[in-house]
Structure formats: structure tokens, C-alpha cells
Amino acid sequence: MNQLNDIETSALQALESVTDEDALQAWKTAHIGRSSPLMQVFAGLGKLSKEEKPAVGQAANRVKLALESAFEARAQIIKDAALAKSLEEEQLDVTLPGRPAPRGRLHPSTVQLRRMLDILAEMGFQVYTSREVETDEFNFQFLNFPLHHPAREMQDSFYVETEGRGDNPILLRTHTSPGQIRAMRDAVAAAPDPANPPPIRIALPGMCYRYEQITARSEIQFNQVEGLAVGTNITFADLKGTLTDFARRMFGQGARVRFRADHFPFTEPSAEMDVECFVCGGKGCSVCKRSGWLEILGCGMVHPNVLMSGGYDPKRYTGFAFGMGPERQAMLRYRIEDIRYFWGNDVRFLEQF
Ligand code: DAH
């Protein structure tokens with residue numbers, strides 16, 4: 001009986017200093033666990049006499065219940081303390097302003113490119129995407145650039161493979177014009193009668209590459225959007241009408257344009273289209289270099305040799321083509337003074353659009 005009293009006193013005393021879950025579990029094992037002194041008493045009951053057994057058994061049970069309820073009470077205290085502590089530490093002030101997630105946006109080139117394609121789509125031009133890695137034939141020869149012709153020097157190339165390819169090395173396209181040949185050949189191949197291919201009205205967007213000195217005005221990569229219309233009875237008047245309409249949709253219904261004669265190997269005749277400077281209204285400013293006009297695109301009637309390379313008979317078919325640069329138009333529109341900002345990946349620049 002004395003031993004039971006000691007067991008109870010020392011167990012309750014030990015419980016006083018238990019303040020966390022780990023210590024509580026250790027206490028349970030030590031004081032009411034299977035090999036605790038108290039359980040030893042239960043195990044030893046059999047050795048007692050008939051007279052002693054009920055009293056000791058009852059006392060042991062009382063101690064066991066007392067320790068169990070002390071354990072439950074302590075467990076509750078520890079749980080309440082843990083809850084109070086976490087409420088205190090993880091306090092949340094729902095009135096604080098949130099941290100805004102940085103918002104992504106479209107690159108200015110993409111914005112301008114999509115604007116061009118949207119307008120061209122309204123005008124019936126379907127998008128045709130062509131490859132960025134081309135052969136010399138498609139990038140130059142089929143477009144009426146003769147081999148070794150000085151016109152090629154306007155478009156110095158990045159070569160991908162020259163070994164064993166003679167006059168037909170593989171290069172990164174220097175313009176989107178090779179897509180004209182691919183689109184025409186696709187149309188011929190898909191036509192029920194290859195001698196009578198269907199008319200074409202497409203827009204060719206995409207990245208182009210030139211081996212150039214990088215300066216404020218020229219980059220080694222840039223986008224172009226090319227247009228091509230091929231059919232019967234297409235005239236220079238169609239070209240002028242289409243591009244004038246395009247300029248009005250792009251720069252405003254009041255936009256004035258002018259065409260100047262120019263030269264490209266793949267068009268004849270060729271022209272350059274200017275739009276009246278939308279910064280100064282044609283009076284002359286630094287953006288238009290005092291001329292009152294901004295150069296917007298190159299264009300012309302598709303050269304007979306180019307139609308032929310595409311599989312279209314130049315005796316029956318004619319067409320017009322044009323090519324323009326989204327970065328150049330974005331620069332004019334947003335007064336961006338250095339083309340190097342476009343691929344510089346400086347968020348301070350990109351965030352402005
Ligand atoms: N390919 C020309 C260049 O990159 C741009 C161009 C001019 C495209 C006249 C055309 C065109 O389709 O008719 O400089």
C-alpha cells in the first residue's frame with residue numbers, strides 16, 4: 001500500500017513538469033505503460049494472500065484511474081497551450097493590402113505583328129507560316145536573285161551548312177519572301193489540276209536573320225510580315241488600293257500614303273510605300289527626319305521569274321507582294337529610338353507596353 005502511495009505521489013509530481021507532447025508520451029510510458037511500477041503491482045497481485053488481494057487490487061485501480069485522469073487533464077492543458085501559441089504566432093491581418101502578382105504582357109513586337117495580321121485577316125489574307133531555316137535557292141535563287149549577284153549583299157546571311165552544298169547552302173532566312181515560293185508550290189501541289197492552281201492571298205509572318213553590325217537602327221534578328229496575292233487580272237492598282245486601305249486601317253482613316261519607285265529582284269515594278277508622318281502630321285519632325293513621311297514597306301508586282309519558280313504560269317497569272325517590319329512600325333508608333341531594346345530583355349522597357 002505504501003508502495004502504491006509512492007508510485008502515485010512521484011508520478012503526479014513528475015507530471016507537474018511535463019509541458020510538451022513528447023515529454024507527455026514519455027511520462028505515459030514510464031508511469032502507466034506496460035512495464036511501469038504500477039503495472040508491476042498488478043502483475044504481483046497473484047502472489048498476495050486471499051485477504052490482502054482485494055484491498056491492494058482496489059487501491060491499485062484507484063491509483064491507475066487517478067494517474068489516467070491526471071494524464072488526460074495534462075494532455076488537454078498542453079493541447080490548449082499549443083493552440084494558443086499557434087494562434088499567437090500565425091496571426092493573420094486580413095486588412096493588409098495583398099502583394100500584387102507581377103503581370104505578364106505581350107512583347108511590343110508581338111502586339112504590332114498581331115495588329116498587322118488582324119488587319120490583313122479582315123482584308124482576306126490567310127496566315128501561312130514558313131520555315132526559318134532555308135536553302136539559298138528558296139531565300140535567293142527562286143526569288144530572282146542571281147547567283148553571286150550584288151543584291152545579295154543587302155542581306156548578309158547566317159550560314160547553317162555550306163559543306164558539300166555548292167551553290168545551295170543552308171541559311172537562316174534573311175526575309176519572309178521565300179515563303180512566297182513555298183506557298184505557291186503548296187497550292188500547286190494541292191490543286192486538282194496543277195496547271196490551274198487556285199488564287200492566293202496570304203500573310204507570311206515571322207523572324208528573319210541577317211549577319212549585320214548591331215546598331216541602334218539594325219539588329220541581327222527582326223520580324224517581317226510579308227503579303228502575297230496571286231491570281232488572274234491582278235494589277236498595280238490592286239496593290240495600291242490594298243496597301244492604301246491597309247495603311248488607313250493601321251494608322252487611321254485619314255492617313256495619307258505615297259508610293260516611290262524602288263528596286264527589289266523579286267518584284268517588277270517595285271515600290272516603297274510611305275505614310276504621312278503621324279507624329280507631326282506631315283510638317284516635318286525628328287521622327288520623320290523633317291521629310292513629313294515615314295517609310296513603311298516595300299512592295300511590287302511579283303516578278304514573272306518568281307511566279308514561275310512557284311509553279312504559276314506568268315502568262316496567265318499576275319500578283320503583288322509586300323514586306324514590312326513590325327519592329328520598325330512599333331518604333332515609329334511608340335517612338336522607340338533604339339532597336340536593341342527589343343531583344344534586350346530589360347523588363348523596364350518591356351513593362352511599358
Ligand atoms: N524581302 C524584302 C526585304 O526583306 C522586303 C520586301 C520588299 C518584300 C518588296 C516584298 C516586296 O514582298 O514586294 O528587304
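Start by selecting Tyr211, which counts as exposed because its relative accessibility is 55%; exposed means over 50%, buried under 20%, and partly exposed in between, with a 1.4 Å probe and protein chains only. Before going on, note that this is a predicted model, where local features need pLDDT of at least 70, side-chain atom pairs count only at pLDDT 80 or more, and totals for chains, interfaces and linings use all residues. Residues are numbered from 1 along each chain as its sequence is written, and side-chain values use heavy atoms, leaving out hydrogens and water.

Next, select Tyr341 and Phe349. Their ring centres are 5.1 Å apart and their planes at 15°, so this pair is stacked. Rings of Phe, Tyr and Trp (its six-membered ring) pair if their centres lie within 6.5 Å; planes under 30 degrees apart count as stacked, over 60 as edge-to-face and the rest as tilted. Which of the two is buried? Phe349 is, at 8% relative accessibility, whereas Tyr341, at 43%, is partly exposed.

Now widen the selection: Tyr341 and Phe349 belong to one aromatic cluster together with Tyr334, Phe342, Trp343 and Phe353.

For the last stops, look for charges over rings, meaning NZ of Lys or CZ of Arg within 6 Å of the ring centre and within 35 degrees of the ring normal. Select Phe138 and you will find Arg182 over its face, 3.6 Å from the ring centre. Then go to Phe142, where the charged end of Arg185 sits over the ring at 4.4 Å from its centre.
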